[in-house]
Amino acid sequence: LMSTPGHKNEQTGQPGLDRIQQNVRDLIAYVRELLWLTRRAYAALATDQVLATSASYATLISATITTDRRTSFVVANFSASGIKLTGAGTAYFRLVVDGVAQKETAIGIALNFRFHAGLVQRVAVSAGLHTVRIDWRTDVSSVGIGAKTVAEEHAHLSVYEEAAA
């Protein structure tokens, strides 16, 4: 980030000019508080992934973010599209923040049908480095995301810090 300019705290004795200078100082202080807006991370699946039947989750995609505020939120926005390759079944996706499972979504999919999954979740965090990931599994046969070779298939994870109210 660029360094922020200093602003002298001087009084001119002219009420109008002094009031303008104070407003500028207040504005600079406010803008410096908005640093949390720059805290963002993005990850997109760049390979083709096929997941066989599994009772346990495997990592699909992950990102890291460093939050700045003492207390804030990490907001994760996940989207994926793919295909059910063999047998009808369900694909499960879950959000994991710092190793703790947060929220899940599940999609029932017919054989050779395409799917789209989406999940948005807000998780309270403290300042520091955070790992955010999406895990996935399927209950019957294989599910695939051809992010590299199929134009209609993708997976992405967008994460940003949101200030606590």
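The questions and answers below go through the core, a surface patch and the charged pairs of a predicted model.

In this predicted model, local features need pLDDT of at least 70 and side-chain atom pairs count only at pLDDT 80 or more, while totals for chains, interfaces and linings use all residues. Residues are numbered from 1 along each chain as its sequence is written, and side-chain values use heavy atoms, with hydrogens and water left out.

Reader: How many residues does the largest nonpolar core have?

Author: A nonpolar core is a set of buried Ala, Val, Leu, Ile, Met, Phe, Trp, Tyr and Cys residues joined through side-chain atoms within 4.5 Å. Buried means under 20% relative accessible area, exposed over 50%, and partly exposed in between (1.4 Å probe, protein chains only). Leu 60, Phe 78, Phe 93, Val 132 and Leu 157 have the most contacts inside the largest core, and its residues number 31.

Reader: Which strands each supply at least two residues of this core?

Author: Strands (E, at least two residues) and helices (H or I, at least four) are DSSP runs, numbered from the N terminus. The strands with at least two core residues each are β1 (40-44), β3 (58-84), β4 (89-97), β5 (100-109), β6 (114-138), β7 (143-146) and β8 (154-163).

Reader: Which residues does Leu 60 touch, not counting residues up to four places away in sequence?

Author: Contact means heavy atoms within 4.5 Å. With that sequence limit, Leu 60 touches Leu 45, Gln 49, Phe 78, Phe 93, Ile 134, Asp 135, Trp 136, Ile 145 and Ala 155.

Reader: Which residues form a nonpolar patch on the surface?

Author: Patches are made of residues with over 30% relative accessible area and no salt bridge; like charges are joined within 9 Å, and nonpolar side chains (Val, Leu, Ile, Met, Phe, Trp, Tyr) within 5 Å. Accessible areas come from the Shrake-Rupley method with a 1.4 Å probe, and for residues only the protein chains shown count as cover. Val 24, in helix α1 (residues 15-33), has a relative accessible area of 32% and is therefore partly exposed. With about 230 Å² of accessible area together, the patch residues are Leu 17, Ile 20 and Val 24.

Reader: Are Asp 135 and Arg 94 buried or exposed?

Author: The side chains of Asp 135 and Arg 94 meet in a salt bridge, 3.5 Å from N to O. Asp 135 is in strand β6 and Arg 94 in strand β4, 41 residues apart. Both Asp 135 and Arg 94 are buried.

Reader: With which side chain does the side chain of Arg 133 make a polar contact?

Author: A polar contact is a pair of N or O atoms within 3.5 Å; within protein, one must be able to donate a hydrogen and the other to accept it, and residues adjacent in sequence count only if both atoms are side-chain atoms. Arg 133 lies in strand β6 and is partly exposed, at 23% relative accessible area. At 2.8 Å, the partner of its side chain is Asp 135.

Key: A salt bridge is a side-chain nitrogen of Lys or Arg within 4 Å of a carboxyl oxygen of Asp or Glu.
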